[in-house]
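Hello,

Here is the structure I promised to hand over. Please open it first, then read the notes below.

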Amino acid sequence: MKHFSLFLLVLILSGLVALSHVPKEVMAIEEVESERGYNLTSVESTNKNAVEIDGIRFEILVPNRVWLIPENRPDVNTLIQLAIRITNNSPSPIRLPFFDPLLVIPLEIVEADGKVLQSKGGRDRLLNSPQLACPLIQPGEHATFFPDTKVFWQKNSLLIGGSDGLGGSWYFDNIKPGDYQIRFRYISSRSVRPCYDPKKDEEHLIREIWTGEATTPFVKVYVVYPGT
């Protein structure tokens with residue numbers, strides 16, 4: 001893990017990991033549980049929520065599209081179940097990069113008037129996490145990842161965001177009640193990446209990682225006060 005941390009430090013210093021001011025309240029959000037990265041049950045799969053690129057299907061899953069605004073208290077939030085499912089419909093196995101909500105799988109939020117909200121966040125440390133593994137997906141199989149996502153208040157500003165599961169955080173601030181369009185972007189630009197094996201507690205340089213970009217269709221969600 002030492003070498004992997006040094007590699008991330010090089011990325012940070014080179015500017016590939018964009019760091020910005022991250023509020024302490026956001027950094028304090030609990031880390032994603034290790035098992036959360038690969039399972040999401042009882043969610044209907046539809047072609048309207050998916051796009052396929054070179055035999056790889058990217059699908060956004062949003063079981064509950066009404067997101068309740070919690071009380072304006074620092075210890076209260078609304079947990080959102082939100083995921084991206086990646087299915088290998090090609091005839092060959094594929095290797096994905098590790099799941100990173102900041103760089104590889106960022107969420108995009110657009111207001112009803114078409115304004116794209118600015119995502120914020122960053123990290124300056126790296127935690128041991130199964131997310132650092134680069135999953136091998138066999139033909140016909142899929143991997144599902146859902147980032148830690150909450151609606152919460154901070155200094156009288158309503159935020160949507162959470163931990164990135166790797167030691168940092170992501171968030172959108174100044175959220176208002178109303179309708180929003182959300183989607184995932186998937187960005188894999190490098191075919192060679194360091195990947196972590198949590199069973200052996202060591203990292204390896206993995207080649208032939210799938211490269212490409214995909215954007216899931218928009219899904220409408222509603223941010224509302226309870227009872228409205």
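**What I found**

The protein exposes about 11,500 Å², and carbon and sulfur atoms supply 51% of that area. Accessible areas come from the Shrake-Rupley method with a 1.4 Å probe, and for residues only the protein chains shown count as cover. This is a predicted model, in which local features need pLDDT of at least 70, side-chain atom pairs count only at pLDDT 80 or more, and totals for chains, interfaces and linings use all residues. Residues are numbered from 1 along each chain as its sequence is written, and side-chain values use heavy atoms, with hydrogens and water left out.

**Overall make-up**

There are two helices and 18 strands in the protein. Both are DSSP runs numbered from the N terminus: helices are H or I with at least four residues, strands are E with at least two. Of the 228 residues, 49% are buried. Buried means under 20% relative accessible area, exposed over 50%, and partly exposed in between (1.4 Å probe, protein chains only). Take the contacts (heavy atoms within 4.5 Å) between residues at least 6 apart in sequence: 76% of them join residues at least 24 apart.

**Disulfide**

A disulfide is a pair of cysteine sulfur atoms within 2.5 Å. The count by this rule is one. Cys134 and Cys195 form a disulfide, with 1.9 Å between their sulfur atoms. The link of Cys134 and Cys195 is left-handed, at -80 degrees about the S-S bond. This pair links distant parts of the chain, 61 residues apart. Cys134 sits in the loop between strand E8 (120-122) and strand E9 (136-137), Cys195 in strand E15 (residues 193-197). Cys134 and Cys195 are both buried.

**Aromatic pairs**

Rings of Phe, Tyr and Trp (its six-membered ring) pair if their centres lie within 6.5 Å; planes under 30 degrees apart count as stacked, over 60 as edge-to-face, and the rest as tilted. The structure holds five such pairs. Phe99 and Phe145 are stacked, because their ring centres are 5.0 Å apart and their planes lie at 15 degrees. Phe99 is in the loop between strand E6 (94-95) and strand E7 (107-111), and Phe145 is in strand E10 (residues 142-145), so the pair ties together parts that are 46 residues apart in sequence. Phe99 is buried at 1% relative accessibility. Phe145 is buried too, with a relative accessible area of 1%. Trp170 and Phe172 form an edge-to-face pair: 6.1 Å centre to centre, 80 degrees between the planes. Trp170 and Phe172 are both buried. Ring pairs also link Phe58, Tyr186 and Trp210 into a cluster.

**Asp100**

The loop between E6 and E7 also holds Asp100. Asp100 counts as buried, at 1% relative accessibility. Leaving aside neighbours within four places in sequence, Asp100 is in contact with Ile105, Arg123 and Leu166. Asp100 and Gly165 are 65 residues apart in sequence, yet 8.1 Å apart in space, C-alpha to C-alpha.

**Surface patch**

Val66, Leu68 and Tyr222 form a nonpolar patch on the surface, with about 230 Å² of accessible area together. Patches are made of residues with over 30% relative accessible area and no salt bridge; like charges are joined within 9 Å, nonpolar side chains (Val, Leu, Ile, Met, Phe, Trp, Tyr) within 5 Å. A salt bridge is a side-chain nitrogen of Lys or Arg within 4 Å of a carboxyl oxygen of Asp or Glu. Tyr222 is in strand E18 (residues 219-224). Tyr222 is partly exposed, with a relative accessible area of 33%.

Best regards
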